Amino acid sequence: MADTRSLERLIEALRCLPGVGLKSAQRMAFHLLQHDPHGAQRLAGALSEAVGKVRHCSRCHTFTEDEVCSTCRDPRRDRGLLCVVETPADQAAMERTGAYKGLYFVLMGKLSALDGVGPREIGLDKLFERIAEEDPEVPLREVILATNFTAEGETTAHVIAQALKDHGLQVTRLARGVPVGSELEYVDLGTIAHALVDRR
């Protein structure tokens, strides 16, 4: 059989994507090379360009090509609100709701002792620096903790809330509850219990 080292390297590279195992990586590689070589070139070019140009916003830590992202530069945003999320994908989800008009801070992870991820690895020091750099004209009123409702996300939210306790800020957490359009008999018991506690 012909030398296939390049193909093997491509398959191994594709396996770095979340949820992609050996079989999925092979299918992707074979498809790109057999049916869409121009797509493969576009993918390679776009990936190379993104790696070269995309960096972290100096204010909120999300992905941007500029020193400061467009959200942080937007004068229409409420600078008294700061929403803390785990990832740029979480930030994008919040933005899609159209319900939040404040600023963000993106942790780029969550605390996880089992994985060796501590406060330094997720940039908690940068978050606290950001909060300390308060604009005297528009003081920060509220920090919204919008980390995921996993054990790690809850731990991360708790650590941040404890650290901000003495800053004179209102620190809130996203409410948990029954999803819109769902029926109680099909909702898990933990969600129902949290919905009862967080009822309004």
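Tutor: Let us begin with Val84. Leaving aside neighbours within four places in sequence, Val84 is in contact with Phe105, Leu107, Leu127, Val143, Ile144, Leu145, Ala146, Thr147 and Ile160. This is a predicted model, in which local features need pLDDT of at least 70 and side-chain atom pairs count only at pLDDT 80 or more, while totals for chains, interfaces and linings use all residues. Residues are numbered from 1 along each chain as its sequence is written, and side-chain values use heavy atoms, with hydrogens and water left out.

Student: What makes these residues contacts of Val84?

Tutor: Contact means heavy atoms within 4.5 Å. Phe105 and Leu145, both in contact with Val84, also stand opposite Val84 in strands: Phe105 in β4 and Leu145 in β5.

Student: How do you know that β3 pairs with β4 and with β5?

Tutor: Two strands pair if DSSP finds at least two bridges between them; strands are DSSP runs (E, at least two residues) and helices likewise (H or I, at least four), numbered from the N terminus. Strand β3 (residues 78-85) is joined to β4 (residues 102-106) by 5 bridges and to β5 (residues 142-145) by 4 bridges. Both pairings are parallel.

Student: Why is β3 called mostly covered?

Tutor: Buried means under 20% relative accessible area, exposed over 50%, and partly exposed in between (1.4 Å probe, protein chains only). In β3, 6 of its 8 residues are buried.

Student: What makes a set of residues a nonpolar core?

Tutor: Such a core is a set of buried Ala, Val, Leu, Ile, Met, Phe, Trp, Tyr and Cys residues joined through side-chain atoms within 4.5 Å. The largest one here has 17 residues, and Val84 and Leu82 are among those with the most contacts inside it. At least two residues each come from β3, β4, α6 (124-132), β5 and α7 (151-163). The largest share, 3 residues, is supplied by α6. Apart from this core lies another, of 9 residues, including Leu81 and Tyr100.

Student: Why does Tyr100 count as buried?

Tutor: Tyr100 has 8% relative accessibility and therefore counts as buried. Tyr104, at 1%, counts as buried too.

Student: Which kind of aromatic pair do Tyr100 and Tyr104 form, and why?

Tutor: The whole structure holds 1 aromatic pair. The ring centres of Tyr100 and Tyr104 are 5.1 Å apart and the planes stand at 65°, so the pair is edge-to-face. Rings of Phe, Tyr and Trp (its six-membered ring) pair if their centres lie within 6.5 Å; planes under 30 degrees apart count as stacked, over 60 as edge-to-face and the rest as tilted.
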